[in-house]
Amino acid sequence: MTNIETNNHNIVYDVEGLNLWYGDDQALKNINMQIEKNEVTAIIGPSGCGKSTFIKTLNRMIENIPIVRTSGEIRYHGKNIFDKSMRVEELRTMVGMVFQKPNPFPKSIFENVVYGPRIHGIKDKKILMEITESSLRSAALWDEVKDRLHDNAYGLSGGQQQRLCIARCLAVQPDVILMDEPTSALDPIATSKIEELIDRLKEDYTISIVTHSMQQAARISDKTAFFLMGELIEFDNTKVIFSNPRDQRTEDYITGRFG
Amino acid sequence: MMDFNTIGQKTFNLSTKGVKKVNTYKIKIDHDRINRRIKLNNISKVVFSLSTVFALIVLAILLYRIGVQSYGWLNFKFLTKNLSIFPEKAGIYGAIIGTVGLMLIVIPVTLVLGVATAIYLEEYATRGKMQAFIKINISNLASVPSVIFGLLGLTVFSRMLNLGSSILAGGLTMSLLVLPIVVVSSQEAIKAVPNFLREASYAMGANKWTTVRKVVLPVAIPGILTGSILALSRAIGETAPLVVLGIPTLILRIPKTIMDDFTALPIQIYYWTLDTVLTAEYANLAAATIVVLLLVLFIMNSFAIVIRNKFQKRF
């Protein structure tokens, strides 16, 4: 494990001694890492290594599985997210999530984007329309859908659906965006569009992305964390991880010897 | 499980070299065997189609008999006139009003209680032994004979709450009878809503109730409606619980409020059929009433099918 020197104000997430169990199976073992503001943190590792579990712990979505237990602390801007005073609704408003499979609601494109703002109390039609346009523009989807905002979202292609899900996430004005293999269900062209998008979004957001593709991690991330069997093996600048990893297992994984 | 030590030493062997082809058996084409199987297939086809034809023939005979018997008796006067002991003057207006009144109680009571129960069991209740126990018992309730629900209604609504044989007592009893069906079908409809939609909602900071109201219910409603309509059509045709409640034979006064005594279509059929011994024409009246009841059920079931087809799967 590398210790990364940081200015404390820039730390969004500070994970300390995080353990997680599914029933009796330990899925995360003593994770310590820090996620910094306006950086893209890629999380890589073979299937079943706990990378999805880890990212879903950051917004406590993992608690939807009833048998999950955790110990340790995840401090989000200094506040422990497992604290009793922390409400998941608040946390998830600040920390948006994009899923592996595009999951728009079976409603119109417009209704999808304004879902979040609406549940947080925005009713004014004009403001909702402005939110729709700015979110869709930020997600690089506006030009493709501006003439059919009231059509069902399921008429869009897979890549467009995923960008709609990103727009829907942006509409809540999150601070952090968690992405759980956002391009694994998409073709290469749609994937490269999402990657370009992530590159632009990091100016305004802190992004944490789980990916199966090491090329993707190398292309888009500033820092990379390598997980193996529930442990954080190595966490460093992406350049270091991919050119000069400290751990033999990291090197084996990124050179494709297993995984 | 992966072994860390072997990973570094590149001892992974994924090649298929050296795997021998299995040669312990060989598939042969046997013409006799294939012919036998074709014959067997044809025989089963005939058996299965005959079973279907049998059911259709019975239904056709029933419809034919009813059609012939009710011919000439089923007219506008029959629908708009009240009961009478003279067959020529008798109509089922009172029974229609009674059945409509029953539905006005059953629909809101079962929809509210049934859907609320289903939402609780599927979305809120923590999965465990208790929830499984409740679910099994609700399914069991759906198969309890209707006469038992009649006795329950008689004890609780007619006697304890002193509602007598009013529309309210009958409606509440019928609600109890079909409630388990509505609960089970609503549960199925809610369960069919894909989980990734709930996750999308939770991930934006929505709580359970918002997610249920804005995501789960809109997707589940066609399924809930289909099940509920089928349950209601069962309530319309049920006779036994009303007999146990002591719904009177002959009501000459049209019910005006839900506290009034009433009669309903299936009850009317039941008593007219019984009284055929006294007056032969009552059989024709019963047949005409059956046609009306069947038409109502047919329309309701078609409605359920239309809803189901219209909102079918978009995922």
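Guide: Let's start at B:Leu242. Skipping neighbours within four places in sequence, B:Leu242 is in contact (heavy atoms within 4.5 Å) with B:Leu102, B:Gly170, B:Met174, B:Ile247, B:Phe262, B:Ala264 and B:Ile267. Before we go on, this is a predicted model, where local features need pLDDT of at least 70 and side-chain atom pairs pLDDT 80 or more, while totals for chains, interfaces and linings use all residues, and side-chain values use heavy atoms, without hydrogens or water. Residues count from 1 along each chain as its sequence is written, with chains lettered from A and ligands numbered from 1 as they are written.

So what is B:Leu242 part of? It belongs to the largest nonpolar core, which has 46 residues, and along with B:Ile92, B:Phe262 and B:Trp272 it touches the most other members. A core here is a set of buried Ala, Val, Leu, Ile, Met, Phe, Trp, Tyr and Cys residues joined through side-chain atoms within 4.5 Å. Buried means under 20% relative accessible area, exposed over 50%, and partly exposed in between (1.4 Å probe, protein chains only). Seven helices of chain B each supply at least two residues of this core: helix 4 (93–124), helix 6 (146–160), helix 7 (167–191), helix 9 (208–237), helix 10 (240–245), helix 11 (265–274) and helix 12 (282–310). Helices (H or I, at least four residues) and strands (E, at least two) are DSSP runs numbered from the N terminus. Helix 12 of chain B gives the largest share, ten residues. There's also a second, separate core of 43 residues, which includes A:Val40, A:Leu136, A:Ala190 and A:Ile207.

Now over to chain A and its open sheet. Four strands line up in the order 2-1-4-5, with antiparallel pairing (two strands pair if DSSP finds at least two bridges between them). Strand 2 and strand 5 (79–80) of chain A sit at the edges, each pairing on one side only. Strand 1 (residues 11–22) of chain A is mostly covered, with ten of its twelve residues buried. Eight bridges tie strand 1 of chain A to strand 2 (residues 25–36) of chain A, running antiparallel. In strand 2 of chain A, A:Ile35 faces A:Tyr13, and A:Ile31 faces A:Leu18. The two strands form a hairpin with two residues between them, and A:Gly23 in the turn has a positive phi of about 60°. Strand 1 of chain A is also joined by eight bridges to strand 4 (residues 68–76) of chain A, again antiparallel; there, A:Trp21 has A:Arg69 as its bridge partner.

Speaking of phi, most residues other than glycine have a negative one. You'll find A:Glu181 in the loop between strand 7 (176–180) and helix 7 (188–201) of chain A, buried at 8% relative accessible area. Back in chain B, B:Asn162 has a positive phi of about 60° too. B:Asn162 lies in the loop between helix 6 and helix 7 of chain B, and at 64% relative accessibility it counts as exposed.

One last stop is A:Gly158, in helix 6 (residues 158–170) of chain A. A:Gly158 is partly exposed, at 33%. It touches A:Pro102 and A:Leu186, leaving out residues up to four places away in sequence. A:Gly158 and A:Asn103 are 55 residues apart in sequence, and 9.7 Å apart in space from C-alpha to C-alpha.
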